[in-house]
Amino acid sequence: MKDKKSSASAWKSIQLGLAVLLGLFVYAYGFSVTKVNLEELRSERRQESLTRVTRTLAQPDLITYDKKEAIVNSPLYVPCPADNNLSNIPPADTSAAYVVITPACAKPGETVQVEGFNFPPNITGPIRFVPGSDPQNIVALGRESIKTDGDGHFTTSFVLPNRISAEPQHIRVTISENVGAPRFTQNAKDTWEKIIETVFMALLATTAGTILAFPLSFIAARNLMKSVRAPLTGVALSVLGWPIGMGLGYFIVNQIGIFTIPLSNNIFVNLVSVIATPFIFWFAIRWALPQEETKAPARSMRLIRVLVVFIAILIAFFGFFQLAGLATNISLGIEKALGPFGFLANFLFQVSDILRIITPALGAFAAGGVLASFLGHIGQRTAEKNTKDRVKTINFIFSALAGATVFGLIGALVEWLYQIGHIEYTFWAPVLIGAMLGLLLAAFAQPKATLPTGMVVYSITRTIVNALRSVEALVMAIVFVIAVGIGPFAGMMALGLHTIVSLVKLYSEQVESIMPGPLEAITATGANRLQTIIYAVIPQVIPPYISYTMYRWDINVRMSTIIGFVGGGGIGFLLQQNINLLNYRAASTQMIAIAIVVASMDYISSVLREKYV
Amino acid sequence: MLQVKNLTKIYDGGVKALDNVSFEVPKGQFLAVIGLSGSGKSTLLRCINRLVDPTEGQILWDGEDITAASPEEMRRIRRKIGMVFQHFNLVHRSKVITNVLAGRLGYVNPAWSLLNRFPKEDMEKAIKQLERVGIADKADQRADELSGGQQQRVGIARALMQDPNMILADEPVASLDPVLAHSIMKHLEEINKKDGVTVLCSLHFLDLVHRYADRVIALNQGQLVFEGFPRDINDQKFKDIYGRDAERVG
């Protein structure tokens with residue numbers, strides 16, 4: 001027993017020893033790979049430059065003064081005149097700053113004592129030798145510097161150069177004095193401008209990211225998606241519905257846009273439509289979607305309602321385009337009048353532009369979603385109401401069609417990316433393969449059984465999000481610089497995209513960890529999925545969502561300071577430029593600005609979090 | 001009339017929660033479901049409104065097959081079945097009135113839910129239900145600021161908002177003290193007797209069963225081991241239901 005114990009402990013000791021050895025080996029290799037070398041650090045050359053850079057960094061290029069320069073000349077003879085007559089030298093004017101040279105004449109190479117009086121206290125300035133009789137001569141030799149004490153007095157020695165003249169020559173002391181109030185340097189102003197750009201870049205990226213990540217986070221939550229199941233008929237039909245609906249929606253909304261163009265130049269037409277369309281839309285929707293109905297309406301009534309909703313939505317899109325037109329017209333009209341607030345007009349203009357671009361996309365997505373869910377419902381009912389054999393036949397047809405559509409679209413994407421140029425490879429082959437896979441699925445799936453569509457959507461979303469998340473925002477910025485040009489807009493897009501994907505992950509994990517009880521209770525009342533999310537999920541996830549959004553804003557501010565390294569705008573551009581120009585004092589200003597912004601962001605977000613979460 | 005026929009539920013892990021359970025509940029009855037923890041009471045109640053999908057068997061309610069209902073039909077059936085939970089299952093961060101209004105979600109048009117809008121009649125109805133359970137003054141408080149007994153009243157008000165024909169109560173008083181338990185049970189009794197709502201209520205304490213239930217069914221390891229009147233539970237039956245080593249308390 002005892003032997004067993006001791007051998008076990010010996011074995012443990014050996015294991016521990018091996019682990020320590022392995023650790024040593026790993027770290028030794030790490031040292032060699034990362035080239036750890038303190039020899040270099042100790043070398044004099046390195047230390048010198050390190051000291052120099054550190055000292056410049058400690059003196060940020062932040063404020064400057066207006067300078068007043070004063071020149072004090074004092075004559076002397078080099079060498080001494082033959083008769084030693086120094087009477088040509090006038091006595092110094094002792095009411096202002098003056099210099100006394102002893103002796104007043106000397107041979108070249110000899111040292112004279114220079115003493116200054118009545119200078120401004122505690123300043124430095126150069127002291128030079130001016131050859132020739134003209135004291136204003138710009139040729140100056142030698143360069144020492146003087147430093148006055150608290151009383152404005154200095155004493156220094158000066159070695160006379162080899163310039164011989166019979167005329168009196170001069171020693172010149174130049175002093176410059178700061179006058180007036182301190183003011184910011186150009187560098188400080190640039191830094192301010194860029195740091196504002198940086199903060200707003202982060203703000204916009206966070207806002208855009210949050211808005212888009214919010215709906216996506218529910219699709220990426222396992223607990224919500226797990227129960228989403230549909231029979232194959234419904235899945236196939238809604239897969240067909242998406243592209244058809246998107247195409248139709250884009251086409252229709254685009255047509256509305258084209259129809260709107262001649263009307264949108266007149267500001268009154270804009271105004272009337274912008275005011276009228278919401279009312280029409282509201283009343284149409286109020287009529288067509290009664291808040292509560294105990295009895296199901298007749299079929300003809302439902303058809304009329306669908307029609308009314310459809311027309312109401314068309315009117316709403318018309319209203320969107322008119323709103324964009326109105327914003328454009330107003331912004332063009334008032335830009336001049338606003339003066340320094342012209343950026344408000346620009347904002348309005350850009351927003352109207354964005355509205356004009358996203359409205360057809362919105363229409364495409366809405367129509368795609370509506371058609372897909374409508375066809376999905378029809379599929380569901382078909383699968384429920386018909387016999388197994390008939391459902392199987394229907395499944396063969398639609399599953400093949402859906403497979404062909406999906407693979408055909410993938411083929412089109414491949415063609416666009418790689419420009420293969422053979423229609424049989426990029427169209428017919430994928431369509432055939434897709435159709436075959438669809439047929440196989442229809443053959444093997446139980447006709448009435450449900451498929452885990454929710455989990456498929458969940459997995460696809462997760463995969464895309466994780467793949468995009470692994471690309472750093474800095475790398476994304478390079479792509480966007482190519483897409484939209486160098487500047488803060490590219491940086492904002494890159495940060496925005498990265499914000500979406502990381503927030504989707506963080507958000508959806510919060511959704512996955514909510515309490516299931518309320519979810520169950522709301523489902524039990526007969527609420528549908530959308531209502532369950534709104535009433536049971538969202539109230540539970542709001543506090544963590546706010547907290548993650550703030551955290552992300554924090555990250556975005558930090559990221560936006562370096563996104564300029566690759567041309568993404570913001571302060572990083574300035575910082576990198578100054579470092580490359582070895583202008584460390586300017587770079588130091590930017591570093592301080594970054595530190596202040598990051599620290600205050602940290603403080604603000606912690607205060608807000610404490611207050612609202 | 002609710003008819004449960006040969007109901008079996010086997011969970012994904014292979015656990016047989018219900019084993020061939022059959023019984024009937026006439027309209028307007030107060031049925032107690034008793035049994036040990038893990039005997040399948042919760043699963044049984046959740047099968048009736050399909051929060052849990054049964055593996056086999058049939059549930060007929062007034063002749064309509066709940067087990068075969070499509071999602072759309074299920075929504076219509078569920079809104080007529082109120083449910084009350086042991087842990088109340090309120091949405092903590094929402095207001096009491098919002099929690100009560102949620103009972104109306106099966107009736108309102110989902111499009112309007114996006115905007116968090118309820119018809120005016122529903123708002124009035126919600127206040128009326130809160131008055132009925134005696135906490136109308138708490139309507140604007142957050143649900144988690146209420147005590148346990150008050151939270152369960154909100155739960156009942158939410159179920160009442162559904163204009164239910166049946167209420168499923170899953171151990172509604174198990175996390176409340178005896179005094180509160182009686183007050184909650186009295187609310188359920190009143191709903192049962194006054195409004196004629198069928199109540200299926202799982203309970204732990206036999207004195208509550210004797211006091212409130214018209215009839216009792218008992219489950220043991222997923223099997224129906226007793227069906228009858230509360231007074232019929234003698235010592236022998238008690239041991240059948242709760243196991244040989246169990247002792248009666250209360």
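View 1. A:Pro103 sits in the loop between strand 2 and strand 3 (111–117) of chain A, where helices (H or I, at least four residues) and strands (E, at least two) are DSSP runs numbered from the N terminus. The peptide bond that joins A:Thr102 and A:Pro103 is cis, with omega about -10°. A cis bond also runs from A:Val78 to A:Pro79, with omega near -10°, and A:Pro79 has its place in the loop between strand 1 (63–76) and strand 2 (98–102) of chain A. This is a predicted model, in which local features need pLDDT of at least 70, side-chain atom pairs count only at pLDDT 80 or more, and totals for chains, interfaces and linings use all residues. Residues are numbered from 1 along each chain as its sequence is written, while chains are lettered from A and ligands numbered from 1 in the order in which they are written.

**View 2. The loop around A:Lys35.** A:Lys35 lies in the loop between helix 1 (2–33) and helix 2 (38–42) of chain A, and its phi is near 55°, a positive value in a residue other than glycine. Most residues other than glycine have a negative phi, and most peptide bonds are trans.

**View 3. Helix 13 of chain A against helix 14 of chain A.** The axes of helix 13 (residues 473–484) and helix 14 (residues 488–512) of chain A come within 8 Å and cross at roughly 135°; axes are lines fitted to C-alpha atoms, for helices over the stretch in contact, and angles run from 0 to 180 degrees between N-to-C directions. That angle makes helix 13 of chain A oblique to helix 14 of chain A, since angles under 35 degrees count as roughly parallel, over 145 as roughly antiparallel, 65 to 115 as roughly perpendicular and the rest as oblique. Residues of helix 13 of chain A, including A:Met476, A:Phe480 and A:Val484, meet residues of helix 14 of chain A, among them A:Phe489, A:Met493 and A:Leu497, contact being counted if the C-beta atoms, placed from the backbone, lie within 7 Å. By class, this contact of helix 13 with helix 14 of chain A has 12 nonpolar, 2 polar and no charged residues, where Ala, Val, Leu, Ile, Met, Phe, Trp, Tyr, Cys and Pro count as nonpolar, Asp, Glu, Lys and Arg as charged, and the others, Gly among them, as polar.

**View 4. Helix 14 of chain A against helix 16 of chain A.** Helix 14 and helix 16 (residues 529–562) of chain A pack at an angle of about 145°, with their axes 9 Å apart. Among the residues that meet are A:Leu495, A:Leu503 and A:Tyr507 in helix 14 of chain A, and A:Val541, A:Tyr545 and A:Arg552 in helix 16 of chain A. The residues of this contact of helix 14 with helix 16 of chain A divide into 11 nonpolar, 6 polar and 1 charged.

**View 5. The contact of chain A with chain B.** The contact takes 25 residues from chain A and 28 residues from chain B. On the side of chain A that touches chain B, the elements that give two or more residues are helix 9 (342–385), helix 15 (516–524) and helix 16 of chain A, and the largest share, 8 residues, comes from helix 16 of chain A. The model scores ipTM 0.93 and pTM 0.77.

How values were computed. Two residues are in contact if their C-beta atoms, placed from the backbone, lie within 7 Å.
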